[in-house]
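Dear colleague,

I am passing on the structure below, together with some notes on what turned up when I went through it. Please read the notes alongside the coordinates.

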Amino acid sequence: MLKFLKSMGVFGRKMTKRNKARDLTQQAINEIKDGKGTRCKSFEEYLKEIEK
């Protein structure tokens with residue numbers, strides 16, 4: 001049973017590229033929910049924002 005739970009990521013989750021990407025995505029989603037994102041009305045405005 002313990003082996004099964006470990007394979008499901010319940011215990012001892014290894015940090016793989018996939019897990020790291022998932023964590024970074026979740027972090028970005030949480031930042032947007034907290035209002036920390038940048039809003040742009042156009043693509044040109046977006047390009048100006050990312051140049052800063």
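**What was found**

Helix α2, residues 17–33, has 17 residues and spans 24 Å from its first C-alpha to its last, close to the 24 Å expected at 1.5 Å a residue, where the expected span is 1.5 Å times one less than the number of residues. The model is a predicted one, in which local features need pLDDT of at least 70 and side-chain atom pairs count only at pLDDT 80 or more, while totals for chains, interfaces and linings use all residues. Residues are numbered from 1 along each chain as its sequence is written, and side-chain values use heavy atoms, with hydrogens and water left out.

Just after α2, Gly35 takes a positive phi of about 80 degrees. The chain has 3 helices and 0 strands, in the order α-α-α along the sequence; helices (H or I, at least four residues) and strands (E, at least two) are DSSP runs, numbered from the N terminus.

Of the 52 residues in the chain, 2% are buried, with buried meaning under 20% relative accessible area, exposed over 50% and partly exposed in between (1.4 Å probe, protein chains only). The chain exposes about 5400 Å², of which carbon and sulfur atoms supply 56%; accessible areas come from the Shrake-Rupley method with a 1.4 Å probe, and for residues only the protein chains shown count as cover.

On the surface, Phe43, Tyr46, Leu47 and Ile50 form a nonpolar patch with about 400 Å² of accessible area together. Patches are made of residues with over 30% relative accessible area and no salt bridge, like charges being joined within 9 Å and nonpolar side chains (Val, Leu, Ile, Met, Phe, Trp, Tyr) within 5 Å. Phe43 belongs to helix α3, residues 43–51, and counts as exposed because its relative accessibility is 55%.

Glu45 also lies in helix α3 and is partly exposed, at 29% relative accessible area. Its side chain reaches the backbone nitrogen of Lys41 at 3.2 Å. Leaving aside neighbours within four places in sequence, Glu45 is in contact (heavy atoms within 4.5 Å) with Arg39 and Cys40.

A search of the whole structure finds 1 salt bridge, that is, a side-chain nitrogen of Lys or Arg within 4 Å of a carboxyl oxygen of Asp or Glu. Lys52 forms a salt bridge with Glu49, the closest N and O atoms being 3.2 Å apart. Lys52 counts as exposed at 76% relative accessibility, whereas Glu49 is partly exposed at 30% relative accessible area.

How values were computed: A polar contact is a pair of N or O atoms within 3.5 Å; within protein, one must be able to donate a hydrogen and the other to accept it, and residues adjacent in sequence count only if both atoms are side-chain atoms.
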